[in-house]
Amino acid sequence: MKFLREILDKQKPLFEKGGKFEKFYYLYEAQDTFMFSPNTTANDKGVQVRDAIDLKRMMITVVVAMLPCLFFGIWNVGQQHAAATGQDLELMDQILIGLKVVLPVVIVAYVTGGLVEAVFAVIRKHPINEGYLVSGMLIPLVMPPTIPLWQVALASIFAVVIAKEAFGGTGMNVLNVALTARAFLYFAYPTDISGDVWTYFGDSTATDGFSGATALALGAATTTGESTGELVAQFNQSGFSFMDMMLGYIPGSIGETSTIMCMIGALILVGTGVGSWKIMVSVFGGAYFMGLIFNLIGANDFMLLPPHYHWVIGGLAFGAVFMATDPVTAAQTEKGKWIYGFLIGILTVLIRIFNPAYPEGIMLAILFMNVFAPLIDYNVVSANKKRRLKRATV
Amino acid sequence: MSKTIKLTKGLDINMAGKAERKIGESAQPETFVIKPTDFLAITRPKLLVKEGDNVKAGTPLFYDKFSPDIMYVAPVSGEIAEIIRGEKRKILEIRVLADKEIENELYDAKSISDISNLSREDAQKVMLQSGVWPNIIQRPFGIVANPEDTPKSIFVSTFDTHPLAPEYNFIFHRQEQNFQAGIDILSKFTSGTVNVNIDNKGEVAPIFAHISNAEVNKISGKHPAGNVGVQIHHIDPVNKGEIVWTVNPFGVIQIGKLFLTGKYDASKIIAVVGSEVKNPQYFRTFIGASISKFIEDNLNGNHSRFISGNVLTGERISKDGYIGYFDHQVTVIPEGDYYEFLGWMKPTSKKLSIHRAVGLFSFLNGGGKEYVLDTNSRGEPRAFVETGVFESVTPMDILPTYLVKSIMAEDYDDMESLGLLEIIEEDLALCEFVDVSKHDIQSIVRKGLDLLRTS
């Protein structure tokens, strides 16, 4: 690897202060630190040794945790395509169809978002942030397979500029970047991200009897009718048995259908200590709790849905594992994390049941709690200050 | 009331190059220095000697214009060889070329009963003049104590949990009497109690086993359990407007010795440790010793960093540099100024990490493995992202992230209410070690303390 290092060293003076391409220093720095971890050493005073972690490694851990969801999503897109069009396809063909749909979305998200990052790094003179490694993967995973690519590009640009760089870059943002991208499309181009968009057809057409509805839509449809307690039966009829939803053999956004794959991701995040298990557990707990309460009220069929169904329908698991745990936008105090997660769970189910116009509650619940996370932290921090003050006067 | 405290948070950094329990044979260094910069609050040192003067061990070298009673004295007898100045003629070092036989300044020796009858005023006068006073450090701020204050309590931590730290029961072996006399003297200065905190892990060292005139508290846990700041936080926390003093056992012994023998004695045993030292062991020397004699022919590599103190809170010195006033160890580790191809994602179990992110397998090694750590910064500085890690290595009811951010924002109210007055930089040193975003937490903490102190 010596010759690579030599090439980089040769270029370095061009980008350093006084060099020809001084403006683009951070672009150089990004590739240099990507190839080689830097040769900087500890200051004269202070710690002389450092932990082996850095932000790049932390972020790549999240990307690794998302891979099961991505791989499953690629296959599922092909599988749903086959099921909806009534074709009998081999596994390889299903995967190929999935790749054809998913890869361009991933590439577009990474390239457009990455370009915006680079432009900002040059203009604002800050290092290119590793945070986009994660955002660039999250955005495709929460898009429906039929999403037009130009919308992916637009959403990525919007999210990076408005949700992140406007606040000063990774670490400073208030809203989760990937969810901002999705929310942007949701409100700007609602027809392309809701309704009959969850299955990729390509040139084929749907078989007779294909409905295209999701479990959430089915549930939302029952909120106006009499309560019969037959929603679960209806789910089973429409191919939304608990097991199917758990495993993810259902139409939906590219990466979020399989609760099992999200759980594998959760295991990686919790095992590596990168994601907060407190937030994950409390989101599931909050959703279950709210589901139970609605069971007791029981005004319509959706309310009567057994609470554990809320865990597997829609994107709750994906949101709880990958979105709610974003350390920058979540609550940052340990106590705050419990409250933050629990409220996300409660709000998700609340939105699902009371607002059929926006069946996917988790996205809005997380964005909403992103805004309130600083308030939660503020109270936890104030309690710490009060303990100190109280001690002083005793 | 004596307390038993068990701390669960923290991190023991297990490094290669532990000192063997023996005192090495080595010629005494020729020069010794006193650095005014070792005493944090000194702004205007006024010299009392000039180059060429002859001094005894204990002869005042300088004092601070703002607290003229506290003398800073020569550790050994000899000739003032050189006074090193920096920018704006700031005094950096006062070098003393040592005599073969050390001659001491003498004061009245006292019996144990005399010591108990001594008044605070009389004791204080001798302590200020003789040069033992700078052992007394004040919380908040971690500066040399003001003789006019009466602290609400005094704390002595009798163990050091820093990486490769010297064993106190070895370096203070057989100093029971001096230690007890020092405690007796110190107890005159506080309205409350003297707290002697001992390690609850192993056997109690004989020197600290039978202490009277003080509360003995038992502390157990990983580093920073030995940090006196952490102990104060759990035993008798510093509130706004309150003052607590802390003294290292070395200081207690030095004070005791002064009264029992009438001598200012700057002799100490230091540990020379680290993976780059061939025979890590202890050496007998004096405060401010030049380290070159101890590391000559005793090094493994030739590209090393020499640190006065430990790897968490220490300061880099040169190969022929001098050990700091308050330090009992010199650590030598490899310099880390190398590039590493794809170093940020290469799997490794050799690099220590508290994290378990992909490829970091050091957690599989268990606690018994000794690590060779170098000075590489292992990544680039970034904005705060990860949360909850600082908290896991801070065994105090303090929120490090918020505290550090409040200092960065120079928010005086928040710094104070979030507990900055309770800590000094060493208490958050582990946060700096584990930080994903590579902030210089300790220098930020010091900046905050300076802001509060001078506001």
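A residue is termed buried if 20 or more other C-beta atoms lie within 10 Å of its own, exposed if 12 or fewer do, and partly exposed in between, with C-beta atoms placed from the backbone. Helices (H or I, at least four residues) and strands (E, at least two) are DSSP runs, numbered from the N terminus. The model is predicted: local features need pLDDT of at least 70, side-chain atom pairs count only at pLDDT 80 or more, and totals for chains, interfaces and linings use all residues. Residues are numbered from 1 along each chain as its sequence is written, while chains are lettered from A and ligands numbered from 1 in the order in which they are written.

Helix α6 (residues 228–235) of chain B is mostly covered, with seven of its eight residues buried. These are Val228(B), Gly229(B), Val230(B), Gln231(B), Ile232(B), His233(B) and Ile235(B). Their cover includes β9 (136–139), β11 (153–157), β12 (194–199), β13 (215–220) and β14 (244–247) of chain B.

Strand β11(B) is itself largely enclosed by the rest of the structure, because five of its five residues are buried. Both of its faces are covered. Ser153(B), Phe155(B) and Ser157(B) lie on one side, and Ile154(B) and Val156(B) on the other. Two strands pair if DSSP finds at least two bridges between them. β11(B) pairs with β14(B) in the parallel sense over three bridges. Four bridges join β11(B) to β12(B), again parallel. Phe155(B) stands opposite Thr246(B) in β14(B) and opposite Asn195(B) in β12(B).

A further sheet of chain B is open and antiparallel, with four strands in the order β2-β8-β7-β4. Its edge strands, β2 (31–34) and β4 (54–55), each pair on one side only. Four bridges join β2(B) to β8 (residues 91–98) of chain B. Within this pairing, Thr31(B) has Leu97(B) as its bridge partner.

The two chains meet through 65 residues of chain B and 53 residues of chain A, where contact requires C-beta atoms, placed from the backbone, within 7 Å. On chain B, β17 (304–308), β18 (315–317), β20 (340–341), α10 (400–408), α12 (429–434) and α13 (441–454) each supply at least two residues of the side that touches chain A. α12(B) gives the most to that side, with four residues. By class, this side of chain B has 27 nonpolar, 20 polar and 18 charged residues. Here Ala, Val, Leu, Ile, Met, Phe, Trp, Tyr, Cys and Pro count as nonpolar, Asp, Glu, Lys and Arg as charged, and the others, Gly among them, as polar. Pairing also crosses between chains: β1 (residues 36–37) of chain A and β20(B) are antiparallel over two bridges. Phe36(A) stands opposite Phe341(B).

In chain A, helix α4 (residues 91–124) has 34 residues and reaches 48 Å from its first C-alpha to its last, close to the 50 Å expected. The expected span is 1.5 Å times one less than the number of residues. A kink of about 30 degrees is centred on Leu99(A); the bend is the angle between axes fitted to the seven residues ending there and the seven starting there. Phe120(A), also in α4(A), is buried because 21 other C-beta atoms lie within 10 Å. Just after the helix, Lys125(A) takes a positive phi of about 55 degrees.
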